[in-house]
Amino acid sequence: MVTAAIPSRIVFDAATESELIGTRPLSQKMALTIPTLREAGNIPVLLDRVRAALDPLKIDYEILIVDDDSCDGTEEIVTAIAQKDPRVRLLVRKGQRGLSGAVLYGWANTSASIVGVMDADLQHPPELLPKLVASLQSGTDLVIGSRYTEGGGLGEWNPFRKLLSAAAVWVTLPIQRTGLRANDPMSGFFFVRRECLNGIAFQEEGFKLLLEILVRARLSSVREIPFAFGQRYRGASKANLKVAVDYGRLLARLYRSRFGFKQAVPVRSFD
């Protein structure tokens, strides 16, 4: 277990970039980060399904559970599983909240050349993982589990929530890059090649890390794999007013950066 606090922005260090460029086939390590906040009831089922999906692929992978100090038994459950399977690791953040920050913290604590994220509530189906991996094996830089691609869906969301989601996607269109646009830039289920992130400062606050990657990372290809958003297995949604405020701040920052009003300045790199 690792316990630490991190700054408000994270910059991926380019120190390992020379080791990663030219290794585009999925022959190196892959790390899947799963942020948790009071998700103890989901962890055993989730990890069983994730490993069942990935093990037949015969790839080198690890699963990073990044817990925001839930104090609900998550640490004990993950520790017990990790003792039997060293591919499972527990990282605990103290005094911090935020999905994007948790994801970035997990990625900063792995040497994997491919990094990804999925939710802990089983609304992201682990059984989609082989399709995401297959896309990476074909050379894709960023592969997204998408609700808005043909064949995907939002599940049992009510009409108002669907309208809000559609509006949140619509306002991203001017800042997404031509040829690299995603139908679901709000997804929390994706993998990206680490070389595409090196040296870029990312906003820790909020839930929409993928959007910032789409706008600012060095990508040459993006692919979306459809899935239907499932029902929450256990636990409660973390969406609240602060999430909306953080999203608004991220949009403002990305619009300024995209159209040259203000450049984002890296404040920290990993040594």
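How many bridges pair strand 4 with strand 5, and in which sense, parallel or antiparallel? In this predicted model, strand 4 and strand 5 pair in the parallel sense over five bridges, and Leu 64 stands opposite Arg 89 in strand 5.

## Confidence in the model

Across the chain the pLDDT averages 81, and 79% of the residues score at least 70. Over residues 13-25, however, the pLDDT is below 50, although the model gives this stretch 25 contacts beyond near neighbours in sequence. Residues 263-271 also have a pLDDT that stays under 50, and for them the model has 19 contacts beyond four places in sequence. Where pLDDT is low, the predicted coordinates should not be read in detail.

## Strands 3 and 4

Strand 3 (30-36) and strand 4 (61-67) run parallel and are joined by seven bridges. Within this pairing, Leu 32 stands opposite Ile 63 of strand 4, and Ile 34 stands opposite Ile 65 of strand 4. Strand 3, helix 2 and strand 4 make a right-handed β-α-β unit, and a right-handed β-α-β unit is also made by strand 4, helix 3 and strand 5.

In a regular strand the side chains alternate between the two faces of the sheet. On strand 3, Met 30, Leu 32, Ile 34 and Thr 36 point one way while Ala 31, Thr 33 and Pro 35 point the other way, and all are buried. Because seven of the seven residues of strand 3 are buried, this strand is largely enclosed by the rest of the structure. Strand 4 is likewise covered on both faces, with Tyr 61, Ile 63, Ile 65 and Asp 67 buried on one side and Glu 62, Leu 64 and Val 66 buried on the other. Seven of the seven residues of strand 4 are buried, so strand 4 too is largely enclosed by the rest of the structure.

## Strand 6 and its two partners

Strand 6 (114-117) is joined to strand 3 by four bridges, and the two run parallel; here Thr 33 stands opposite Val 117 of strand 6. Four bridges also join strand 6 to strand 8, but these two strands run antiparallel, and the bridge partner of Val 117 in strand 8 is Phe 190. From strand 6, Ile 114 and Gly 116 point one way and Val 115 and Val 117 the other way, and all of these residues are buried.

## The nonpolar cores

The largest nonpolar core has 33 residues, and those with the most contacts inside it are Met 30, Leu 129 and Phe 191. Strand 3, helix 2 (43-54), strand 4, helix 3 (74-84), strand 5 (88-93) and helix 5 (129-137) each supply at least two residues of this core, with helix 2 giving the most, at six residues. Apart from its neighbours within four places in sequence, Met 30 is in contact with residues including Leu 54, Ile 59, Tyr 61, Ile 114, Val 133, Leu 136 and Phe 191.

A second, separate core of 22 residues includes Leu 104, Trp 107, Val 115 and Leu 142. Leu 104 and Trp 107 are among the buried residues of helix 4, as are Leu 99, Val 103 and Tyr 105. Nine of the ten residues of helix 4 (residues 99-108) are buried, so this helix is largely enclosed by the rest of the structure.

## Helix 5 and its covering

Which residues of helix 5 are buried? They are Leu 129, Leu 132, Val 133, Ser 135 and Leu 136. Seen down the axis of helix 5, these buried residues fall within an arc of 155°, so they line one face of the helix. An α-helix has 3.6 residues a turn, so residues three or four places apart point the same way. The elements that cover the buried residues of helix 5 include strand 3, helix 2, strand 6, strand 7 (142-146), strand 8 (190-193) and strand 10 (222-226). Helix 5 is followed by Gly 139, whose phi is positive, near 105°.

## A buried loop residue

Thr 149 is found in the loop between strand 7 and helix 6 (159-170). With a relative accessible area of 17%, Thr 149 counts as buried, because the cut-off for that term is under 20%. Not counting residues up to four places away in sequence, Thr 149 touches Asn 183, Glu 224 and Pro 226.

Terms used:
Residues are numbered from 1 along each chain as its sequence is written. This is a predicted model: local features need pLDDT of at least 70, side-chain atom pairs count only at pLDDT 80 or more; totals for chains, interfaces and linings use all residues. Side-chain values use heavy atoms; hydrogens and water are left out. A nonpolar core is a set of buried Ala, Val, Leu, Ile, Met, Phe, Trp, Tyr and Cys residues joined through side-chain atoms within 4.5 Å. Buried means under 20% relative accessible area, exposed over 50%, partly exposed in between (1.4 Å probe, protein chains only). Contact means heavy atoms within 4.5 Å. pLDDT is the predictor's confidence in each residue, from 0 to 100. The arc is that of the directions from the helix axis to the C-beta atoms. Two strands pair if DSSP finds at least two bridges between them. A crossover is right-handed if, with the strands pointing away from the viewer, the path from the first strand over the helix to the second runs clockwise.
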